[in-house]
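Reader: I have a model open and want to learn how to read it. Can you take me through some features?

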Amino acid sequence: MNVVTPADTILPAGSVLYVEEPEVAERNDAAGKLAALDCVRELVTWEYQVPGAAERFHDEHPDEPVVAVIPAMEYAVPFAARLAELYGVPGATLTAAETLRDKGRLRAVTAAAGIANPASASVASPDDVRAFAERHPGRIIIKPSNRQATIGTWIIDGPGAIDEAWTAAIAQDESMHVPDRGLPLRMLAEQFVTGPEYSVEMLVHEGRSRFANVTDKVLFDGPRPIERGHVVPADIPDPLHEALVAATARVAGAVGFRSGFLHCEWIVAADGTPYLVECAGRLPGDMIVLLMEYAWPINITSRYFDVMQGVDPGPAQAAAAAACAVWFLAVDAGVVECVDGLDDAADVPDVVRVECLVAPGDEVHELRSSWDRAAYAMSWAPTPEEAREAAELAIAKIHVKVRELP
(Lines give C-alpha, C1' and ligand atoms only; values in the text may rest on other atoms or scores of the structure.)
Protein backbone atom coordinates (compact mmCIF):
# COMPACT_ATOMS: atom_id res chain seq x y z
CA MET A 1 0.00 0.00 0.00
CA ASN A 2 2.97 2.30 -0.54
CA VAL A 3 0.93 4.23 -3.14
CA VAL A 4 -2.45 4.61 -1.46
CA THR A 5 -1.16 5.75 1.95
CA PRO A 6 0.46 8.99 0.70
CA ALA A 7 -2.52 9.42 -1.61
CA ASP A 8 -4.68 10.05 1.44
CA THR A 9 -3.27 13.55 1.72
CA ILE A 10 -3.67 14.26 -2.00
CA LEU A 11 -6.84 12.62 -3.33
CA PRO A 12 -10.45 13.48 -2.45
CA ALA A 13 -12.33 11.49 0.17
CA GLY A 14 -13.98 8.35 -1.19
CA SER A 15 -12.22 8.55 -4.56
CA VAL A 16 -10.13 5.35 -4.51
CA LEU A 17 -11.28 1.85 -5.42
CA TYR A 18 -8.59 -0.54 -4.14
CA VAL A 19 -8.36 -3.94 -5.87
CA GLU A 20 -6.64 -6.88 -4.19
CA GLU A 21 -6.49 -10.65 -4.53
CA PRO A 22 -9.04 -12.17 -2.07
CA GLU A 23 -6.54 -14.36 -0.17
CA VAL A 24 -3.91 -11.64 -0.05
CA ALA A 25 -6.42 -9.10 1.22
CA GLU A 26 -7.46 -11.43 4.03
CA ARG A 27 -3.91 -12.33 5.10
CA ASN A 28 -2.84 -8.68 5.21
CA ASP A 29 -6.03 -7.29 6.78
CA ALA A 30 -6.39 -4.97 3.80
CA ALA A 31 -9.92 -3.99 4.84
CA GLY A 32 -8.77 -2.88 8.28
CA LYS A 33 -5.79 -0.92 6.95
CA LEU A 34 -7.77 0.78 4.19
CA ALA A 35 -10.56 1.75 6.60
CA ALA A 36 -8.16 4.26 8.16
CA LEU A 37 -7.72 6.11 4.85
CA ASP A 38 -10.30 8.75 3.93
CA CYS A 39 -9.50 8.57 0.23
CA VAL A 40 -10.55 4.91 -0.06
CA ARG A 41 -14.14 4.30 -1.05
CA GLU A 42 -14.09 0.53 -1.29
CA LEU A 43 -11.94 -2.60 -1.25
CA VAL A 44 -12.77 -4.89 -4.17
CA THR A 45 -11.39 -8.42 -3.97
CA TRP A 46 -10.56 -9.71 -7.43
CA GLU A 47 -8.31 -12.42 -8.86
CA TYR A 48 -6.32 -9.94 -10.91
CA GLN A 49 -3.16 -12.05 -11.31
CA VAL A 50 -4.73 -14.32 -13.95
CA PRO A 51 -5.16 -13.86 -17.72
CA GLY A 52 -8.23 -11.86 -18.74
CA ALA A 53 -8.73 -10.40 -15.26
CA ALA A 54 -8.84 -6.81 -16.48
CA GLU A 55 -11.41 -7.57 -19.16
CA ARG A 56 -13.67 -9.36 -16.67
CA PHE A 57 -13.30 -6.50 -14.17
CA HIS A 58 -14.23 -3.94 -16.81
CA ASP A 59 -17.22 -5.99 -17.89
CA GLU A 60 -18.53 -6.04 -14.31
CA HIS A 61 -17.70 -2.38 -13.61
CA PRO A 62 -18.29 -0.68 -16.97
CA ASP A 63 -19.66 2.57 -15.55
CA GLU A 64 -17.00 3.33 -12.93
CA PRO A 65 -15.95 7.01 -13.30
CA VAL A 66 -12.28 6.08 -13.66
CA VAL A 67 -9.75 8.89 -14.08
CA ALA A 68 -6.57 6.91 -13.26
CA VAL A 69 -5.44 3.32 -12.73
CA ILE A 70 -2.29 2.96 -10.61
CA PRO A 71 -0.47 -0.29 -9.72
CA ALA A 72 0.23 -0.55 -5.99
CA MET A 73 2.64 -3.49 -6.29
CA GLU A 74 4.78 -5.34 -8.82
CA TYR A 75 2.31 -8.10 -9.67
CA ALA A 76 -0.43 -5.57 -10.45
CA VAL A 77 1.49 -3.80 -13.23
CA PRO A 78 0.00 -5.68 -16.25
CA PHE A 79 -3.52 -5.67 -14.77
CA ALA A 80 -3.36 -1.91 -14.17
CA ALA A 81 -1.96 -1.23 -17.63
CA ARG A 82 -4.69 -3.22 -19.37
CA LEU A 83 -7.41 -1.74 -17.18
CA ALA A 84 -6.18 1.75 -18.08
CA GLU A 85 -6.49 0.86 -21.76
CA LEU A 86 -10.04 -0.42 -21.27
CA TYR A 87 -11.15 2.69 -19.39
CA GLY A 88 -9.34 4.99 -21.80
CA VAL A 89 -7.01 6.64 -19.27
CA PRO A 90 -3.19 7.02 -19.34
CA GLY A 91 -0.98 4.04 -18.53
CA ALA A 92 2.13 2.10 -19.38
CA THR A 93 0.44 0.10 -22.21
CA LEU A 94 -0.08 -3.61 -21.76
CA THR A 95 2.82 -4.48 -24.06
CA ALA A 96 5.26 -2.42 -21.99
CA ALA A 97 3.88 -3.74 -18.71
CA GLU A 98 4.18 -7.38 -19.75
CA THR A 99 7.73 -6.79 -20.99
CA LEU A 100 8.75 -5.17 -17.71
CA ARG A 101 7.20 -8.02 -15.73
CA ASP A 102 9.26 -10.65 -17.60
CA LYS A 103 13.00 -10.19 -17.08
CA GLY A 104 13.86 -12.56 -19.91
CA ARG A 105 11.66 -10.71 -22.39
CA LEU A 106 13.02 -7.39 -21.11
CA ARG A 107 16.56 -8.58 -21.82
CA ALA A 108 15.69 -9.49 -25.41
CA VAL A 109 13.81 -6.28 -26.15
CA THR A 110 16.37 -3.91 -24.66
CA ALA A 111 19.38 -5.75 -26.08
CA ALA A 112 17.80 -5.44 -29.52
CA ALA A 113 17.62 -1.69 -28.90
CA GLY A 114 21.36 -1.53 -28.20
CA ILE A 115 21.16 -1.35 -24.40
CA ALA A 116 23.93 -3.23 -22.58
CA ASN A 117 22.70 -6.44 -20.94
CA PRO A 118 24.65 -9.31 -19.37
CA ALA A 119 24.48 -12.64 -21.16
CA SER A 120 21.31 -14.41 -20.07
CA ALA A 121 19.40 -17.62 -20.74
CA SER A 122 16.27 -19.38 -19.52
CA VAL A 123 17.05 -22.37 -17.30
CA ALA A 124 14.84 -25.12 -15.91
CA SER A 125 17.31 -27.24 -13.90
CA PRO A 126 20.76 -27.26 -12.30
CA ASP A 127 22.07 -28.98 -15.44
CA ASP A 128 20.88 -26.02 -17.51
CA VAL A 129 22.71 -23.69 -15.11
CA ARG A 130 25.89 -25.78 -15.44
CA ALA A 131 25.67 -25.59 -19.22
CA PHE A 132 25.29 -21.81 -19.01
CA ALA A 133 28.26 -21.55 -16.61
CA GLU A 134 30.42 -23.53 -19.04
CA ARG A 135 29.57 -21.07 -21.81
CA HIS A 136 30.15 -18.05 -19.55
CA PRO A 137 33.06 -18.63 -17.14
CA GLY A 138 33.18 -16.58 -13.96
CA ARG A 139 30.52 -15.61 -11.46
CA ILE A 140 26.92 -16.05 -12.55
CA ILE A 141 23.57 -15.28 -11.00
CA ILE A 142 20.28 -17.15 -11.11
CA LYS A 143 16.95 -15.41 -10.61
CA PRO A 144 13.25 -15.76 -11.34
CA SER A 145 12.09 -13.98 -14.45
CA ASN A 146 8.80 -12.96 -12.82
CA ARG A 147 9.26 -12.26 -9.10
CA GLN A 148 9.89 -9.22 -6.88
CA ALA A 149 11.96 -8.14 -3.84
CA THR A 150 15.03 -10.19 -4.93
CA ILE A 151 13.15 -13.39 -4.12
CA GLY A 152 14.90 -16.47 -5.51
CA THR A 153 18.02 -14.58 -6.59
CA TRP A 154 21.42 -16.15 -5.91
CA ILE A 155 25.00 -15.32 -6.87
CA ILE A 156 27.06 -18.42 -7.76
CA ASP A 157 30.84 -18.31 -7.46
CA GLY A 158 31.59 -21.72 -8.98
CA PRO A 159 30.10 -24.97 -10.34
CA GLY A 160 30.17 -26.63 -6.92
CA ALA A 161 27.57 -24.18 -5.59
CA ILE A 162 24.99 -24.65 -8.35
CA ASP A 163 22.87 -27.42 -6.82
CA GLU A 164 22.56 -25.71 -3.43
CA ALA A 165 21.81 -22.37 -5.06
CA TRP A 166 19.12 -23.87 -7.28
CA THR A 167 17.37 -25.56 -4.36
CA ALA A 168 17.39 -22.33 -2.37
CA ALA A 169 16.31 -20.17 -5.32
CA ILE A 170 13.19 -22.16 -6.18
CA ALA A 171 12.05 -22.47 -2.52
CA GLN A 172 10.18 -19.19 -2.40
CA ASP A 173 7.80 -17.88 0.24
CA GLU A 174 5.53 -15.03 -0.81
CA SER A 175 2.47 -16.11 1.11
CA MET A 176 1.66 -12.54 2.15
CA HIS A 177 1.80 -11.22 -1.39
CA VAL A 178 0.44 -13.89 -3.74
CA PRO A 179 -2.67 -16.11 -3.64
CA ASP A 180 -2.50 -19.81 -2.82
CA ARG A 181 -2.62 -20.75 -6.49
CA GLY A 182 0.84 -19.12 -6.74
CA LEU A 183 2.59 -17.91 -9.85
CA PRO A 184 4.37 -19.92 -12.53
CA LEU A 185 8.12 -19.94 -11.97
CA ARG A 186 10.49 -19.11 -14.80
CA MET A 187 14.21 -18.98 -13.99
CA LEU A 188 17.13 -17.22 -15.67
CA ALA A 189 20.89 -17.69 -15.47
CA GLU A 190 22.98 -14.61 -16.18
CA GLN A 191 26.54 -13.38 -16.16
CA PHE A 192 27.31 -11.45 -12.98
CA VAL A 193 28.46 -7.92 -13.72
CA THR A 194 30.74 -6.46 -11.03
CA GLY A 195 30.46 -2.79 -10.19
CA PRO A 196 28.54 -0.18 -8.22
CA GLU A 197 24.75 -0.39 -8.41
CA TYR A 198 22.25 2.38 -8.97
CA SER A 199 18.59 2.78 -9.72
CA VAL A 200 16.91 5.46 -11.78
CA GLU A 201 13.43 6.59 -10.80
CA MET A 202 11.77 8.23 -13.78
CA LEU A 203 8.34 9.78 -14.19
CA VAL A 204 7.17 9.50 -17.80
CA HIS A 205 4.31 11.43 -19.41
CA GLU A 206 3.31 10.34 -22.90
CA GLY A 207 6.78 8.94 -23.55
CA ARG A 208 8.72 11.95 -22.18
CA SER A 209 10.67 12.11 -18.93
CA ARG A 210 9.25 14.59 -16.42
CA PHE A 211 11.46 13.70 -13.45
CA ALA A 212 14.57 11.57 -12.98
CA ASN A 213 16.41 10.66 -9.80
CA VAL A 214 19.46 8.42 -9.39
CA THR A 215 19.70 6.34 -6.21
CA ASP A 216 22.90 4.79 -4.88
CA LYS A 217 22.30 1.16 -3.86
CA VAL A 218 24.37 -0.78 -1.33
CA LEU A 219 23.96 -4.56 -0.93
CA PHE A 220 24.41 -6.92 2.01
CA ASP A 221 27.39 -9.24 1.76
CA GLY A 222 26.61 -12.79 0.76
CA PRO A 223 25.18 -14.74 -2.16
CA ARG A 224 21.84 -12.93 -2.24
CA PRO A 225 21.97 -9.41 -3.75
CA ILE A 226 19.59 -7.79 -1.25
CA GLU A 227 19.67 -4.06 -0.63
CA ARG A 228 21.26 -2.96 2.61
CA GLY A 229 20.76 0.73 1.97
CA HIS A 230 19.86 3.50 -0.45
CA VAL A 231 21.10 7.07 -0.77
CA VAL A 232 19.19 9.78 -2.67
CA PRO A 233 20.58 11.38 -4.71
CA ALA A 234 23.57 9.27 -5.67
CA ASP A 235 26.82 11.16 -5.18
CA ILE A 236 28.23 10.52 -8.65
CA PRO A 237 29.83 12.62 -11.41
CA ASP A 238 27.47 14.43 -13.74
CA PRO A 239 28.47 12.38 -16.82
CA LEU A 240 27.53 9.12 -15.06
CA HIS A 241 24.25 10.62 -13.82
CA GLU A 242 23.41 11.72 -17.36
CA ALA A 243 24.38 8.32 -18.79
CA LEU A 244 22.13 6.44 -16.35
CA VAL A 245 19.16 8.74 -16.97
CA ALA A 246 19.65 8.54 -20.74
CA ALA A 247 19.89 4.74 -20.59
CA THR A 248 16.63 4.57 -18.62
CA ALA A 249 14.91 6.77 -21.19
CA ARG A 250 16.11 4.33 -23.85
CA VAL A 251 14.58 1.44 -21.90
CA ALA A 252 11.27 3.31 -21.77
CA GLY A 253 11.40 3.83 -25.53
CA ALA A 254 12.43 0.25 -26.26
CA VAL A 255 9.51 -1.30 -24.36
CA GLY A 256 7.00 1.33 -25.55
CA PHE A 257 6.29 2.77 -22.08
CA ARG A 258 3.85 5.67 -22.31
CA SER A 259 2.85 7.09 -18.91
CA GLY A 260 3.76 6.15 -15.37
CA PHE A 261 6.76 5.54 -13.15
CA LEU A 262 9.86 3.50 -13.94
CA HIS A 263 12.27 2.07 -11.37
CA CYS A 264 15.25 0.90 -13.43
CA GLU A 265 18.28 -0.81 -11.85
CA TRP A 266 21.81 -0.68 -13.26
CA ILE A 267 25.32 -1.98 -12.57
CA VAL A 268 28.17 0.15 -13.89
CA ALA A 269 31.01 -2.04 -15.17
CA ALA A 270 34.70 -1.21 -14.84
CA ASP A 271 34.75 0.41 -18.28
CA GLY A 272 31.92 2.78 -17.26
CA THR A 273 29.16 0.99 -19.21
CA PRO A 274 25.78 0.81 -17.42
CA TYR A 275 24.38 -2.74 -17.65
CA LEU A 276 20.67 -3.21 -17.18
CA VAL A 277 19.71 -5.33 -14.16
CA GLU A 278 15.92 -5.05 -14.36
CA CYS A 279 13.20 -2.43 -14.62
CA ALA A 280 9.79 -2.10 -12.95
CA GLY A 281 6.82 -0.12 -14.24
CA ARG A 282 5.71 1.23 -10.86
CA LEU A 283 6.84 3.37 -7.96
CA PRO A 284 9.94 1.97 -6.24
CA GLY A 285 9.78 0.17 -2.91
CA ASP A 286 12.35 0.14 -0.09
CA MET A 287 11.31 3.62 1.11
CA ILE A 288 12.79 5.25 -2.01
CA VAL A 289 9.64 7.30 -2.65
CA LEU A 290 9.92 8.81 0.82
CA LEU A 291 13.64 9.42 0.30
CA MET A 292 12.85 11.35 -2.87
CA GLU A 293 10.10 13.34 -1.15
CA TYR A 294 12.61 14.45 1.49
CA ALA A 295 15.47 15.14 -0.93
CA TRP A 296 13.57 16.87 -3.73
CA PRO A 297 11.52 20.02 -2.97
CA ILE A 298 8.60 18.77 -5.06
CA ASN A 299 5.77 16.36 -4.34
CA ILE A 300 6.75 13.30 -6.37
CA THR A 301 3.57 11.36 -5.62
CA SER A 302 1.33 14.28 -6.57
CA ARG A 303 3.14 14.67 -9.90
CA TYR A 304 2.73 10.94 -10.50
CA PHE A 305 -1.02 11.13 -9.91
CA ASP A 306 -1.19 14.10 -12.30
CA VAL A 307 0.50 12.07 -15.03
CA MET A 308 -1.85 9.14 -14.50
CA GLN A 309 -4.80 11.49 -14.97
CA GLY A 310 -3.39 12.84 -18.23
CA VAL A 311 -1.94 16.06 -16.83
CA ASP A 312 1.56 17.06 -17.90
CA PRO A 313 3.34 18.29 -14.74
CA GLY A 314 6.19 19.75 -16.78
CA PRO A 315 9.86 18.98 -16.24
CA ALA A 316 11.09 18.91 -12.64
CA GLN A 317 13.96 21.04 -11.44
CA ALA A 318 17.39 19.75 -12.32
CA ALA A 319 18.74 18.77 -8.89
CA ALA A 320 17.74 17.61 -5.43
CA ALA A 321 17.93 20.18 -2.62
CA ALA A 322 19.17 17.81 0.12
CA ALA A 323 20.05 14.16 0.65
CA CYS A 324 18.28 11.26 2.30
CA ALA A 325 19.33 7.69 3.11
CA VAL A 326 17.80 4.52 4.49
CA TRP A 327 19.71 1.61 6.03
CA PHE A 328 18.30 -1.84 6.86
CA LEU A 329 19.08 -4.45 9.51
CA ALA A 330 19.37 -8.19 8.94
CA VAL A 331 19.21 -10.74 11.78
CA ASP A 332 19.85 -14.43 12.23
CA ALA A 333 17.06 -16.98 11.87
CA GLY A 334 15.07 -17.87 14.98
CA VAL A 335 12.49 -16.37 17.31
CA VAL A 336 12.74 -12.73 18.36
CA GLU A 337 13.22 -12.38 22.12
CA CYS A 338 13.63 -8.60 22.43
CA VAL A 339 14.44 -5.42 20.52
CA ASP A 340 16.73 -2.73 21.96
CA GLY A 341 18.19 0.57 20.83
CA LEU A 342 15.29 2.11 18.91
CA ASP A 343 15.33 5.28 21.01
CA ASP A 344 19.10 5.57 20.72
CA ALA A 345 18.83 5.18 16.94
CA ALA A 346 16.14 7.86 16.74
CA ASP A 347 18.36 10.25 18.73
CA VAL A 348 21.17 10.16 16.16
CA PRO A 349 21.48 13.63 14.55
CA ASP A 350 19.82 13.90 11.12
CA VAL A 351 17.77 10.71 11.65
CA VAL A 352 14.12 11.33 10.80
CA ARG A 353 12.57 7.89 11.02
CA VAL A 354 13.29 4.56 12.73
CA GLU A 355 11.13 1.44 12.65
CA CYS A 356 11.49 -2.15 13.75
CA LEU A 357 9.67 -4.57 11.45
CA VAL A 358 9.65 -7.50 13.90
CA ALA A 359 8.40 -7.98 17.45
CA PRO A 360 9.10 -10.38 20.33
CA GLY A 361 7.68 -13.80 19.52
CA ASP A 362 8.03 -13.39 15.74
CA GLU A 363 9.78 -16.13 13.84
CA VAL A 364 12.41 -14.60 11.56
CA HIS A 365 14.48 -16.08 8.74
CA GLU A 366 17.96 -15.67 7.40
CA LEU A 367 18.23 -13.05 4.68
CA ARG A 368 16.37 -14.58 1.71
CA SER A 369 14.67 -11.50 0.26
CA SER A 370 13.86 -7.89 1.09
CA TRP A 371 10.94 -9.08 3.22
CA ASP A 372 13.36 -10.64 5.74
CA ARG A 373 14.99 -7.41 6.91
CA ALA A 374 14.21 -6.57 10.54
CA ALA A 375 14.47 -2.79 10.90
CA TYR A 376 15.41 0.42 9.12
CA ALA A 377 16.67 3.90 9.91
CA MET A 378 16.17 6.92 7.65
CA SER A 379 18.16 10.15 7.65
CA TRP A 380 17.97 13.58 6.03
CA ALA A 381 21.08 15.74 5.69
CA PRO A 382 22.70 18.38 3.50
CA THR A 383 24.91 15.89 1.60
CA PRO A 384 24.69 12.23 0.54
CA GLU A 385 27.76 11.36 2.63
CA GLU A 386 26.25 12.87 5.78
CA ALA A 387 22.92 11.17 5.17
CA ARG A 388 24.56 7.77 4.71
CA GLU A 389 26.73 8.16 7.83
CA ALA A 390 23.72 9.05 9.97
CA ALA A 391 21.60 6.14 8.72
CA GLU A 392 24.44 3.65 9.19
CA LEU A 393 25.16 4.92 12.71
CA ALA A 394 21.49 4.70 13.66
CA ILE A 395 20.93 1.16 12.37
CA ALA A 396 24.04 -0.01 14.25
CA LYS A 397 22.35 1.00 17.52
CA ILE A 398 19.38 -1.34 16.98
CA HIS A 399 19.81 -4.83 18.41
CA VAL A 400 17.35 -7.67 17.82
CA LYS A 401 18.02 -10.63 20.11
CA VAL A 402 17.03 -13.89 18.44
CA ARG A 403 16.69 -17.35 19.99
CA GLU A 404 17.58 -20.25 17.74
CA LEU A 405 14.77 -22.60 16.85
CA PRO A 406 15.08 -26.09 18.41
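Reader: Where is the place of F132?

Author: F132 sits in helix α8, residues 126–135. Helices (H or I, at least four residues) and strands (E, at least two) are DSSP runs, numbered from the N terminus. This is a predicted model, where local features need pLDDT of at least 70, side-chain atom pairs count only at pLDDT 80 or more, and totals for chains, interfaces and linings use all residues. Residues are numbered from 1 along each chain as its sequence is written, and side-chain values use heavy atoms, with hydrogens and water left out.

Reader: Is F132 buried or exposed?

Author: Buried means under 20% relative accessible area, exposed over 50%, partly exposed in between (1.4 Å probe, protein chains only). F132 has a relative accessible area of 1%, so it is buried.

Reader: Which residues is F132 in contact with?

Author: Contact means heavy atoms within 4.5 Å. Leaving aside neighbours within four places in sequence, the partners of F132 include A119, I140 and E190. F132 and E190 lie 58 residues apart in sequence, yet 8.1 Å apart in space, C-alpha to C-alpha.

Reader: How do I read the faces of a strand?

Author: In a regular strand the side chains alternate between the two faces of the sheet. Take β12, residues 323–329. A323, A325, W327 and L329 are buried on one side, and C324, V326 and F328 are buried on the other.

Reader: Which strands pair with β12?

Author: Two strands pair if DSSP finds at least two bridges between them. β9 pairs with β12 in the antiparallel sense over four bridges, with G229 opposite W327. β16 and β12 are also antiparallel, over seven bridges. There, A325 stands opposite S379.
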